[in-house]
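Q: Hey, can you walk me through this one? I'm new to reading structures.
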Amino acid sequence: MKNNIIILGGGQAGIYAAREIRQNDSKSNIKILGEENLLPYERPPLSKDFLLDKKKAEDLYFHSSDVLKNENIEFENISINKVDFENKKLFAKNDNVYSYDSLLISTGSENKKLTLDNNLKNDIYYLRNLEEAKKIKEIVSNKNKITIIGGGFIGLEIASSLSQLQKKVIVIEIGNQLMGRIIPKQIADLVQNTHIEHGNEIILNKQIEKITKKNDDYEILLNDNSLIETDFIIAGIGSTPTVKLFENTNLKLDNGIVTNQFCETSIKDVYAAGDVSNFYHPFYERNMRLESYQHAQNHGICAGKNIAGVKTEYTSIPWMWSDQFNLNLQLTGICDEYDEIIERGNDINNGVIYFFLKNNKIRGACGVGIIGKVGRDIRITSKLTEKDTIVDKQILSDQNLKLNKLIQK
Amino acid sequence: MSEENWIEVGSTDSIEEEDLIRFDHQDKTFCVYKLTDGFYATDGICTHEAVHLEDGLVMDDEIECPMHQGIFNIKSGEALSPPACEDLKTYPVKVDNDKIFIKID
């Protein structure tokens, strides 16, 4: 049977879902509706290789227009402003109406904005999409002292890139450690040392009281009355799922769109995937919302299978990375449910990993090292976690013993 | 086929099964693998970003990049999983008197 399948959101989850649907269903119409006038592209390089001029915009596309054409996947640049789930219709700002039989919502997430009492909205920069990255890259070339508000992944990656462009960088973080939402303090402290060694200033435990514009520069007043002078401000203070369109509908929302392990929402024939979805993870037996490259891809693929009628549970163990200076940081699983922590290695040059165990099984791990030094062990850890293996702690803690000995085939 | 193109990498017992070694020759770098059915060789640098695959995970005929988990088939070089999308170059391998040789163009 030929169906109309609409994918609302032209990011990574959307494009991977579209291609997976096509793998399993050669007949249906598949249309991606994207708000950016760009084919789906990779976002991780925006804060790193794109700012550093190692990658150009055209290097970022997941697939060329030829691939989409060959697979008969339509992409349309359009902004939807109303959804009628009952009659299965989407309404665009330009009065176009799109009817669907199945809908995938992959609208992603958006940056939280600073709340400032004075009118400095246009003076604070954020980085999520290519346009914003281009703007930052252009303006920053004429700036010298840059302040980054928020010591999370995005802020620190930008801090690393700008430092490599010989800029003076200050990072202000409200919490008592960097990347505090998901990264263990032990690892965050190692990353912080690297930033300091490269000349970046890291200010923890401070809130911003006020930002004042002085000619072309700014003064940032912190809650301890200290004053920072800067000529450019970038904020990376977290993100929220993009769900405004669904707020007055029957779609169940709770920190994103609530989905089960099959990417199904509370409304029949409506699916959600990627950053926007607060999904049930059968392994961890709880709902979670993830913002990562691997998740967007795998969740999109899983949604695609389910939309095409191939019933598939989403069981991927979470994994994410961040690259800062010559460090590669990786996280697998979840690191907040544990009764024991085991450390592997103590020298960042060889990689340092912390494993978080519960009942002698790994629930998650986080590691950092010079590029290439933790990836293999973190990957093996994902497999051990997935297989719910009872692990030999001696092997985990001894960097001279290979972790792949722990994998039971 | 000229004999000069075969470069000695090392002895066959220098690689554990389902593992790899790095091999540098002139200005190029390679990975040489021992799989259950023999020895294989590929370029040493991931096609996605300039990171060496020597620290990657070898499993089921696949090498996984340690940086971003791009996966390649070791025998064909095919890029199997994003972010890698460009295939990895592979090289012929032969074993002679317990020594591994790879043929570099």
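This is a predicted model: local features need pLDDT of at least 70, side-chain atom pairs count only at pLDDT 80 or more; totals for chains, interfaces and linings use all residues.

A: Residues are numbered from 1 along each chain as its sequence is written, chains are lettered from A in the order in which they are written, and side-chain values use heavy atoms, leaving out hydrogens and water.

Q: Okay, which residues of helix α3 in chain A are buried?
A: Leu130(A), Ala133(A), Ile136(A) and Val140(A) are buried in α3(A), which covers residues 130-140. Buried means under 20% relative accessible area, and exposed means over 50% (1.4 Å probe, protein chains only). A helix here is a DSSP run of H or I, at least four residues, and a strand is a run of E, at least two.

Q: Why are they on the same side of α3(A)?
A: Because they cover an arc of only 125° around the axis, going by the directions from the helix axis to the C-beta atoms.

Q: And which residues are exposed on the other side?
A: Glu131(A) and Glu138(A).

Q: New topic: how many salt bridges are there between chain B and chain A?
A: The rule finds seven across the interface, each a side-chain nitrogen of Lys or Arg within 4 Å of a carboxyl oxygen of Asp or Glu.

Q: What does Lys405(A) form a salt bridge with?
A: Glu16(B), with the closest N and O atoms 3.6 Å apart.
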